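Welcome, and thanks for taking a look at this one with us. Here is a short briefing to read alongside the structure.

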Amino acid sequence: MNGGVVRPFAAGDAAAVLALILSIQRGEFGLAVTADDQPDLADVPGFYQTGAGQFWVAEREGAVVGTIGLRDIGAQANGRPAVALRKMFVGPEARGALGVAGPLLATAIGHARARDVAEIYLGTTDRFLAAHRFYEKHGFARIAPEALPPAFPRMAVDSVFYRLTL
């Protein structure tokens, strides 16, 4: 990543993470989402940093410019864990040539492989077209909502779903 680092979430990151995510959800995409609608962000360690899960921030010059989380959603029929990819957001100033999204996703996938995760699932909105292209470019396949595991933490705004088999 040009001039920055991807690292695990720390308690001091909470306010910056919430501000970044809400600014993108509300400002760029006009979603009527609040902090109260996202209780996972009020307890990142308890929601993400357990089992095969984790949460990372991309930091550049002391500022949080990107986020990504994996939530452990339990063992699948094959006995291996699955995770839900959540909260992948990159601020406008850190997109494109600055290379934040790729390292965030690579970190999450590497973490999942190291923990013998079978599949990574994600949900997004139909408005995040650039995200759709990004996930597809990185091997995610679009799936029907019925193909999601029962433990997948679906948000009300989710309408498009993907799976990456590891």
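Please keep in mind that this is a predicted model.

- Setting aside residues up to four places away in sequence, Val64 touches Asp13, Ala16, Val17, Leu20, Val57 and Ala58.
- Pro8 lies 56 residues from Val64 along the chain, and the C-alpha atoms of the two are separated by 12 Å.

**The largest pocket**
- The largest pocket has a volume of about 710 Å³.
- Its lining is made up of 32 residues, and the closest to the pocket centre are Met88, Phe89, Phe128, Ala131 and Tyr135.
- Two or more lining residues come from each of α1 (14–28), β4 (81–90), α3 (101–114), β5 (119–124) and α4 (129–137).
- Strand β4 gives the largest share of the lining, with six residues.
- By residue type, the lining divides into 19 nonpolar, seven polar and six charged residues.

- The buried residues in α4 include His132, Phe134 and Tyr135.
- These residues lie on the same side of α4, because they cover an arc of only 165° around the axis.
- What do the buried residues of α4 pack against? Their partners are β4, α3, β5 and β7 (160–165).
- Just after α4 comes Gly139, which takes a positive phi of about 95°.

**Thr124 in β5**
- Thr124 has its place in strand β5, one of the elements that give two or more residues to the lining of the largest pocket.
- With a relative accessible area of 7%, Thr124 is under the 20% cut-off and is therefore buried.
- Leaving aside neighbours within four places in sequence, Thr124 is in contact with His132, Val157, Asp158, Ser159, Val160 and Tyr162.
- One of these contacts, His132, is among the buried residues of α4.

Technical notes:
Residues are numbered from 1 along each chain as its sequence is written. This is a predicted model: local features need pLDDT of at least 70, side-chain atom pairs count only at pLDDT 80 or more; totals for chains, interfaces and linings use all residues. Side-chain values use heavy atoms; hydrogens and water are left out. On a 1 Å grid over the protein atoms alone, a cavity is a set of points where a 1.4 Å probe fits but cannot get out, and a pocket is an open set with protein on both sides within 12 Å along at least five of seven lines; lining residues have an atom within 4 Å of a point. Grid points are joined across faces, edges and corners, and a volume is the space filled by probe spheres set on the points. Helices (H or I, at least four residues) and strands (E, at least two) are DSSP runs, numbered from the N terminus. Ala, Val, Leu, Ile, Met, Phe, Trp, Tyr, Cys and Pro count as nonpolar, Asp, Glu, Lys and Arg as charged, and the others, Gly among them, as polar. Contact means heavy atoms within 4.5 Å. Buried means under 20% relative accessible area, exposed over 50%, partly exposed in between (1.4 Å probe, protein chains only). The arc is that of the directions from the helix axis to the C-beta atoms.
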